[in-house]
Amino acid sequence: MLLLRWLGGYPVDRSKHTKLVDQVITLFNQKEEFAVSLAPEGTRKKVTEFRSGFYYIARGARVPIICVKMDYGNKKLIFSPPFYPTHDAQWDLNQLWNHFIGVRGKRPQLGITDAK
């Protein structure tokens, strides 16, 4: 935790409801340079939809989302073009979800296999 703070990171306490989305949007608006990196979904259990906080942060701060496919099978990282959220959250989240179809992770059974 100290290392991340020393590197300029902002810790997050996920055990409390602190309006995190609004706080991160404020940081984007206050800082000349700011980026957020989030851990991938489906690393410990199968997920059927994304948690949406990242989306609402990007939309509220008017910044793009860049998805990174971690293709374990081919030992590659694949970066998407910048995706700017619209005001149709369901459509946008479906587009982002579909971006990850077919990526083979370390635990393929936990990956995204079906289109939204």
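Visitor: What share of the residues in the chain is buried?
Guide: The model is a predicted one. A residue counts as buried when its relative accessible area is under 20%. Of the 116 residues in the chain, the share that is buried is 26%.

Visitor: In what order do the elements run from the N terminus on?
Guide: The chain holds 4 helices and 2 strands. Its C-alpha atoms fill a box of roughly 40 × 35 × 25 Å along the principal axes. Read from the N terminus on, the order of the elements is α-α-α-β-β-α.

Visitor: Which residues have the most contacts inside the largest nonpolar core?
Guide: The largest nonpolar core is made up of 18 residues. Inside the core, the residues with the most contacts are Phe28, Phe50, Ile65 and Leu96.

Visitor: Which residues does Phe28 contact, leaving aside its neighbours within four places in sequence?
Guide: Phe28 is one of the buried residues of α2. It is also among the residues with the most contacts inside the largest nonpolar core. With neighbours within four places in sequence left aside, its contacts are Phe34, Ala35, Val36, Ile57, Ala61 and Val63.

Visitor: Within what arc do the buried residues of α2 fall?
Guide: The buried residues in α2 are Val24, Ile25, Leu27 and Phe28. Seen down the axis of α2, they line one face of the helix, because they fall within an arc of 155°.

Visitor: Which exposed residues does the opposite face of α2 carry, the one turned away from its buried side?
Guide: The buried residues of α2 pack against α3. The face turned away from that buried side carries exposed residues, namely Asn29 and Gln30.

Visitor: At what angle do the axes of α2 and α3 cross?
Guide: Helix α2 covers residues 20-30 and helix α3 covers residues 53-61. Their crossing is right-handed. The two axes come within 9 Å of each other, and the angle at which they cross is roughly 40°.

Visitor: How many nonpolar residues does the contact of α2 with α3 have?
Guide: On the side of α2, the residues that meet α3 are Val21, Val24, Ile25 and Phe28. On the side of α3, they are Gly53, Tyr56, Ile57, Gly60 and Ala61. By class, this contact has no charged residues and 2 polar ones, while the number of nonpolar residues is 7.

Visitor: Is Val21 buried, partly exposed or exposed?
Guide: Val21 is found in helix α2, and leaving aside neighbours within four places in sequence, it is in contact with Gly53, Tyr56 and Ile57. The C-alpha atoms of Val21 and Ile57 are separated by 5.5 Å, although the two residues are 36 apart along the chain. Since its relative accessibility is 26%, Val21 counts as partly exposed.

Visitor: How far apart are the axes of α3 and α4?
Guide: α3 passes α4 in a right-handed crossing. The two helices pack at an angle of about 115°, and the distance between their axes is 11 Å.

Visitor: How many charged residues does the contact of α3 with α4 have?
Guide: Phe54, Tyr55, Tyr56 and Arg59 in α3 meet Ala89, Asp92, Leu93 and Leu96 in α4. By class, this contact has 6 nonpolar residues and no polar ones, and the number of charged residues is 2.

Visitor: Which helix do the buried residues of α4 pack against?
Guide: The buried residues in α4 are Ala89, Asp92, Leu93, Asn94, Leu96 and Trp97. The helix against which these buried residues pack is α3.

Visitor: Is Arg62 buried or exposed?
Guide: Arg62 is found in the loop between α3 and β1, the strand at 68-71. Its phi is near 60°, a positive value in a residue other than glycine. Because its relative accessible area is 73%, Arg62 is exposed.

Visitor: What value is phi of Lys75 near?
Guide: Lys75 has its place in the loop between β1 and β2. With a relative accessible area of 62%, Lys75 is exposed. Its phi is positive, in a residue other than glycine, and is near 55°.

Notes
Residues are numbered from 1 along each chain as its sequence is written. This is a predicted model: local features need pLDDT of at least 70, side-chain atom pairs count only at pLDDT 80 or more; totals for chains, interfaces and linings use all residues. Side-chain values use heavy atoms; hydrogens and water are left out. Axes are lines fitted to C-alpha atoms, for helices over the stretch in contact, and angles run from 0 to 180 degrees between N-to-C directions. A crossing is left-handed if the near helix is turned anticlockwise from the far one by less than a right angle, and right-handed if clockwise. Contact means heavy atoms within 4.5 Å. Ala, Val, Leu, Ile, Met, Phe, Trp, Tyr, Cys and Pro count as nonpolar, Asp, Glu, Lys and Arg as charged, and the others, Gly among them, as polar. A nonpolar core is a set of buried Ala, Val, Leu, Ile, Met, Phe, Trp, Tyr and Cys residues joined through side-chain atoms within 4.5 Å. Buried means under 20% relative accessible area, exposed over 50%, partly exposed in between (1.4 Å probe, protein chains only). The arc is that of the directions from the helix axis to the C-beta atoms.
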